[in-house]
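Me: Before we discuss this protein, could you put the sequence and the model on the screen, so that we can go through the questions one at a time?

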Amino acid sequence: MDKAAFSVTADAVRGLIDHAILKPELTRSDVDAQLDEAAAYRVFSVCVRPSDVAHAVERLTGTGVGVGTVIGFPHGTTSTGAKVAESLQALADGAFELDMVQNIGAAKSGDWERVEADVRAVVDAAGSTVVKVILETAFLTDDEIVAASRAARSAGAAFVKTSTGFAGGGATAEHIALMRATVGPDTGVKASGGVRGLDTLLEMVEAGADRIGTSASARILDEVAHRAETGTASAVGDDTTSY
């Protein structure tokens, strides 16, 4: 993203957001409430659990909000064949983007050929569908983040992404900057995990992110509106319940 061209408007911010609806304990009514919130705030997309894709597509039809999902989530340890099968089912159910978790154990082992082959199989199965590769940066050294980013880019992924939000660590500006420097301007970088307020979102954009995964979409966009109206930050702060 061209940081100099980014302006903090509601349209610009909502255009960055993949609203995360991924907690395993969410009921159908919880999911519906989150889908309706995403539609009301007109975010770019939702990222839902694989079993919720078809329902989310139906509920969000006509709203302009896209439906993405996760693959091999949250540990990345399912087989490549299972990730491909999961991807094909998600596409059949109507998903328009796929956020896959890399094989973290292979990455930690330095087996970059295996990491790249795992990603490439999903990219090939997805065809023209956007694939984002979740590195789970909390588990990786800086050198491993660089190598994982290169492997994802080489395999044809459209984005590299920091985190699942479920590994005890989330996006940092330092990791976003490192990922951006590694993949260059033609591969997307998604900050996900711990983006719970507008200031953090803007920090990630400044560092090089061009997509944001968060469940705090309402809080963030309410803060945009408040600042536009008053010229000052609200006293509400981050949504500490979000991920």
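**Pocket, cavity and helix contacts**

The lining of the largest pocket is made up of five nonpolar, four polar and four charged residues. The model is a predicted one.

Me: Which element supplies the largest share of the lining of the largest pocket?

Reply: The lining of this pocket counts 13 residues, and those nearest its centre are Lys23, Leu26, Gln34, Ser215 and Tyr243. At least two lining residues come from each of β1 (17-21) and α2. The largest share, amounting to four residues, is supplied by α2.

Me: How many cavities of 30 Å³ or more does the structure hold?

Reply: The largest cavity has a volume of about 70 Å³, and its lining is formed by 13 residues, with Ala20, Leu22, Lys161, Thr164 and Ser192 nearest the centre. At the limit of 30 Å³ or more, the number of cavities in the structure is one.

Me: Which strands each supply at least two residues of the lining of the largest cavity?

Reply: By class, the lining of the largest cavity holds six polar residues alongside four nonpolar and three charged ones. The strands that each contribute at least two residues to this lining are β1, β7 (188-192) and β8 (211-214).

Me: Are α2 and α3 parallel or oblique to each other?

Reply: The axes of α2 (residues 28-41) and α3 (residues 53-60) come within 10 Å and cross at roughly 40°, and the crossing is right-handed. Angles under 35 degrees would count as roughly parallel and those from 65 to 115 as roughly perpendicular. The relation of α2 to α3 is therefore oblique.

Me: Which residues of α3 meet α2?

Reply: From the α2 side, the contact is made by Arg28, Asp32, Leu35, Asp36 and Ala39, and their partners in α3 are His55, Ala56, Arg59 and Leu60. By class, the residues of this contact divide into four nonpolar, one polar and four charged.

Me: What is the handedness of the crossing of α6 and α7?

Reply: The axes of α6 (residues 112-126) and α7 (residues 142-154) come within 8 Å and cross at roughly 40°, and these two helices are therefore oblique to each other. The handedness of the crossing of α6 and α7 is right-handed.

Me: How many nonpolar residues are there in the contact of α6 with α7?

Reply: In α6 the contact involves Trp112, Val115, Glu116, Val119 and Arg120, which meet Glu144, Ala147, Ala148, Ala151, Ala152 and Ser154 in α7. Beside one polar and three charged residues, the number of nonpolar residues in this contact is seven.

Me: Where is Arg42 placed?

Reply: Arg42 has a phi near 55°, which is a positive value in a residue other than glycine. The place of Arg42 is the loop between α2 and β2 (45-48).

Key. Residues are numbered from 1 along each chain as its sequence is written. This is a predicted model: local features need pLDDT of at least 70, side-chain atom pairs count only at pLDDT 80 or more; totals for chains, interfaces and linings use all residues. Side-chain values use heavy atoms; hydrogens and water are left out. Axes are lines fitted to C-alpha atoms, for helices over the stretch in contact, and angles run from 0 to 180 degrees between N-to-C directions. Angles under 35 degrees count as roughly parallel, over 145 as roughly antiparallel, 65 to 115 as roughly perpendicular and the rest as oblique. A crossing is left-handed if the near helix is turned anticlockwise from the far one by less than a right angle, and right-handed if clockwise. Contact means heavy atoms within 4.5 Å. Ala, Val, Leu, Ile, Met, Phe, Trp, Tyr, Cys and Pro count as nonpolar, Asp, Glu, Lys and Arg as charged, and the others, Gly among them, as polar. On a 1 Å grid over the protein atoms alone, a cavity is a set of points where a 1.4 Å probe fits but cannot get out, and a pocket is an open set with protein on both sides within 12 Å along at least five of seven lines; lining residues have an atom within 4 Å of a point. Grid points are joined across faces, edges and corners, and a volume is the space filled by probe spheres set on the points.
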